[in-house]
Amino acid sequence: MTKDYDKVALDEGRILPLMEEFYTIQGEGYYSGHAAYFIRLGGCDVGCHWCDVKESWDAELHPLTDVHNIVARAKAEANLAVITGGEPLMYNLDYITSELKKAGLQTNIETSGAYELSGDFDWICLSPKKNKLPTQSVYDAADELKVVIYNKHDFIFAEEQAARVNDNALLLLQVEWSKRAEMNPLIVEYVKKNPQWKISVQTHKYLDIP
Ligand SMILES: C[S@@+](CC[C@H](N)C(=O)[O-])C[C@H]1O[C@@H](n2cnc3c(N)ncnc32)[C@H](O)[C@@H]1O
Ligand SMILES: Nc1nc2[nH]cc(C(=O)O)c2c(=O)[nH]1
Ligand code: SF4
Ligand SMILES: [Mg+2]
């Protein structure tokens, strides 16, 4: 049970449910290859059946953690932080991004965009989901649109989402991991015919790192 004083601190984003934190190499998207401190918040109600981190979904399983402690650990190792989840925009991210920036870190986010944008981000990766479409605030601010391709219909979904995102966003297709043998050839052909799209590979899975 969340106590009353925890509820206030959570609403203000001074404590957040932390599933895990790890210093690794960003595996996906424009920042692929860049060293990054990942902060994975617990809690997601989007329900992607192929989600590769279902252990994150139940926020109650992940301890409410003082943001100052997270930021201190990130600062000790990294110059770039990636906030992910779970769905990190379920929480008020104003406080953690302000503290990360004060500590001199770049702030990136991985989000489905299903909730209103909060926080001060240097890079926003929007990975929209059919189950719970993004809010306008995230379409407007996204730096990259990264659509997961699980089946052929997802190419149509990708174009629908590209029409909604702001004009400056990079357009990326990322294969759903378990379908890579079947769908990678189709993605390669699609990008050759539609070169406004680029491929995002989950390189950390090939490198066998977190
Ligand atoms: C685990 S999610 C967490 C952040 C946020 N909930 C979201 O979906 O963007 C991080 C990234 O992994 C992608 N992802 C999740 N499961 C995947 C899978 N099985 N194959 C490829 N990408 C996947 C998501 O689309 C998202 O871009
Ligand atoms: N190395 C690495 N790169 C990532 N890019 C996005 C990830 C995520 O789960 O949000 C992720 C992740 O879990 N590990
Ligand atoms: S929105 Fe992200 S964390 Fe939530 S189920 Fe989908 S991929 Fe997983
Ligand atoms: Mg991941």
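Two residues are taken to be in contact when their C-beta atoms, placed from the backbone, lie within 7 Å.

The predicted chain averages a pLDDT of 98, and 100% of the residues score at least 70. The model as a whole scores ipTM 0.99 and pTM 0.98. The chain contains 7 helices and 9 strands. Its C-alpha atoms fill a box of roughly 55 × 30 × 30 Å along the principal axes. The radius of gyration is 17 Å, which agrees with the value near 17 Å that a compact globule of 210 residues would have. Of these 210 residues, 40% count as buried. Among the contacts with a separation of 6 or more, 63% join residues 24 or more positions apart.

The interior of the chain was examined next. In soluble globular proteins, nonpolar side chains tend to be buried together. The largest nonpolar core of the model has 48 residues, and those with the most contacts inside it are Y37, I39, A74, A81, I83, A142 and L145. Strand β2, covering residues 35-41, gives the most to this core, with 5 residues. Beyond its neighbours within four places in sequence, I39 is in contact with E21, I70, A74, A81 and I83.

Helix α3 spans residues 94-102, and its buried residues are Y95, I96, T97, E99 and L100. Just after α3, G104 takes a positive phi of about 90 degrees.

Two groups of positions carry the feature "binding site" in UniProt, in an unreviewed entry. When residues up to four places away in sequence are not counted, Q26 touches Y31, S32, G33, H34, A36 and V82. With neighbours within four places left aside, G27 is in contact with S32, Q202, T203, H204 and K205.

The other group listed by UniProt under "binding site", again in an unreviewed entry, comprises W50, C51, D52, G86, S127, P128 and K129. C51 is found in the loop between β2 and β3 (64-66). With 16 other C-beta atoms within 10 Å, C51 is partly exposed, since this class lies between the limits of 12 or fewer for exposed and 20 or more for buried residues. K129 is placed in the loop between β6 (123-126) and α4 (136-141). K129 has 20 C-beta neighbours inside 10 Å and so counts as buried. Residues up to four places away in sequence being excluded, K129 touches V46, C48, S112 and A114.

Technical notes. Residues are numbered from 1 along each chain as its sequence is written. Chains are lettered from A and ligands numbered from 1 in the order in which they are written. This is a predicted model: local features need pLDDT of at least 70, side-chain atom pairs count only at pLDDT 80 or more; totals for chains, interfaces and linings use all residues. Helices (H or I, at least four residues) and strands (E, at least two) are DSSP runs, numbered from the N terminus. The radius of gyration is taken over C-alpha atoms; the globule rule is 2.2 Å times the number of residues to the power 0.38. pLDDT is the predictor's confidence in each residue, from 0 to 100. A nonpolar core is a set of buried Ala, Val, Leu, Ile, Met, Phe, Trp, Tyr and Cys residues joined through C-beta atoms within 7 Å. UniProt positions are given in the numbering used here, feature names are shortened, and annotations may be inferred rather than shown by experiment.
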